[in-house]
Amino acid sequence: MRDLVRRIDAATPAGRDRALDALRAFAILGVVCGHWLVTALVADSGTVHGASPLRYMPELTPVSWVFQTLAVFFLVGGAVGARGYASARARGESYGRWMRARTGRLFRPVLVVLAVWAVAAGVMLVSGVDPDTVRALGKLVWSPLWFLLVFTALTAATPLVARLHPLWPLAVVLHVDLFRLGLDGPRWLGWINVAAGWLVPYCLGAAWARGGLRDRRTGWALLGGGAVVTAGLVLFAGYPASMVGVPGGTLSNLDPPTTAAVTFGLAQCGGALLLLGPLRRALARPGVWAAVALVNLSAMTIFLWHQTAMITVTSTALFLAGPLPGLHTVPDSPGWVAARLAWLPVFALVLLVFRAAFSAYETRGGGRSRVVRRGGSPALTPKSRHA
C-alpha cells in the first residue's frame with residue numbers, strides 16, 4: 001500500500017490542482033451517500049416499491065442539504081471544461097476531437113450499465129417478477145442518468161458559455177419560476193431550468209478557470225448570500241426545504257431545478273471555494289491524495305453502479321431472509337434510520353465489487369486502465385493537469 005501511495009504521488013503532474021479532484025470526489029460520494037440514505041425499497045404483498053424517509057420524517061430534511069452536491073460537480077466541470085478546451089486550442093486540437101475525448105469516458109460505462117440492466121430486467125420478467133417491481137428497480141438505475149445528459153450538453157457548449165456571466169442563467173431561472181409558479185404559467189417552462197439552473201455553477205467554474213473567484217471574499221459572499229436567499233425563499237416564498245424530491249410533494253426543488261436549488265448551489269460553491277486552501281494543504285500528503293485519486297479514476301463507475309449495489313443487497317437479503325429493517329420496511333421511524341446506517345458498509349462493499357468488475361470501461365480505450373503495472377505494482381498515470 002505504501003508503494004502504491006508513493007507511485008500515485010510521483011505520477012501526478014506537479015501543476016495539477018488536486019483540490020479540483022477532491023471536490024469532484026466529494027460531489028460524487030455525496031450523491032451516492034444521499035441516495036443510499038433517502039431511498040428505500042419497501043417489500044409489500046409480493047412487490048417492491050420505492051419510498052423516502054423524507055416523506056415520513058421531515059425532520060431529516062437537513063440530510064438533503066448535506067448530500068445534494070450536484071452544484072459542486074458542475075462547478076468543477078465548468079473549471080475543468082474551460083481549462084481543457086483552452087489547452088486543446090493551444091495544442092491545435094479540433095473541437096470535435098476534444099469533445100469526443102470528453103464524452104467517451106462518460107458514455108462507455110453508461111452503455112455497459114444499460115446493457116447489464118436490460119438483461120437483468122428481461123431475466124426478472126421471464127422469472128415471474130412483478131412488472132411494477134422491475135419498473136421500480138429500473139427507475140432507480142436510469143433516473144440519475146439525466147445528470148449525464150445535462151453535463152454533456154453543457155460540456156459541448158463550453159466554447160459558447162465559457163465567458164458567460166453566471167448572472168445571465170440565474171436571471172433565466174428567476175423569470176421561469178416567476179411565470180410558472182407566481183403567475184400559474186405552463187409547467188413545461190420549468191424544464192428550461194434544467195439547462196439554465198446547472199449552467200449557473202458551470203459558468204462559475206469557467207470563471208474560476210479564467211483566474212476569477214480567487215478572493216476569499218467572493219467565497220464568503222456566495223456562501224452567505226446563497227444561504228440567506230435560500231432561507232428566505234423557503235420561509236417566505238413557499239419553496240420546499242428539501243433540496244431533493246420527496247414523493248407526494250407538490251413541488252420539487254430538483255425536478256426541475258428551482259431558484260431555491262440554484263441559490264443553495266451558489267452557497268455550496270462558495271463553501272467549496274473557501275475550502276480550496278485547506279484541501280490543497282491536506283492533499284499534499286501522499287496518502288490523502290492517493291485516496292482522492294483512486295476515487296476519481298472510477299468516479300463514473302461509482303456513480304453509475306451505486307444504486308445497483310443497493311438493489312443487489314436489498315434483493316439478495318429479501319430472498320435469503322425475508323423483510324429486514326432498514327432494507328425492506330417502511331422508512332418511518334428512527335429505528336429505520338439506525339438500521340439503514342448499519343447497512344451502508346454492506347452497500348459500499350458490494351459497490352467495490354462492481355467497481356472492480358466494470359471500472360476498466362471508464363478508462364480510455366474501454367479496457368486500458370490508467371492504473372498500470374510497474375515492476376509488479378500498480379501506479380497512477382494521470383494524462384493531464386486538467387483531466
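1. Helices (H or I, at least four residues) and strands (E, at least two) are taken here as DSSP runs, numbered from the N terminus. On that basis the protein has 17 helices and four strands. The model is a predicted one, in which local features need pLDDT of at least 70 and side-chain atom pairs count only at pLDDT 80 or more, while totals for chains, interfaces and linings use all residues. Residues are numbered from 1 along each chain as its sequence is written, and side-chain values use heavy atoms, with hydrogens and water left out.

2. On overall form, the C-alpha trace spans about 60 × 60 × 35 Å along its principal axes. A compact globule of 387 residues would have a radius of gyration near 21 Å, and the protein, with 21 Å, agrees with this; the radius is taken over C-alpha atoms, and the globule rule is 2.2 Å times the number of residues to the power 0.38.

3. Buried residues make up 50% of the 387 residues, where buried means under 20% relative accessible area, exposed over 50%, and partly exposed in between (1.4 Å probe, protein chains only). The largest nonpolar core has 91 residues, and those with the most contacts inside it are Phe74, Leu148, Trp198, Trp208, Phe303, Leu304 and Trp305; such a core is a set of buried Ala, Val, Leu, Ile, Met, Phe, Trp, Tyr and Cys residues joined through side-chain atoms within 4.5 Å. Helix α2 (residues 18–38) gives the most to this core, with 12 residues.

4. Not counting residues up to four places away in sequence, Trp305 touches Val112, Val113, Val116, Leu351, Phe354 and Phe358, contact meaning heavy atoms within 4.5 Å.

5. The axes of helix α1 (residues 2–11) and helix α15 (residues 286–297) come within 9 Å and cross at roughly 80 degrees. The contact is made by Leu4, Val5, Ile8 and Asp9 of α1 together with Pro286, Gly287, Trp289, Ala290, Ala293 and Leu294 of α15. Axes are lines fitted to C-alpha atoms, for helices over the stretch in contact, and angles run from 0 to 180 degrees between N-to-C directions.

6. Asn296 also lies in helix α15, and at a relative accessible area of 9% Asn296 is buried. Leaving aside neighbours within four places in sequence, Asn296 is in contact with Asp21, Arg24, Ala25, Arg105 and Glu362.

7. His165 lies in the loop between α9 (158–161) and α10 (167–182), and counts as partly exposed because its relative accessibility is 44%. His165 and Leu204 are 39 residues apart in sequence and 7.7 Å apart in space, C-alpha to C-alpha.
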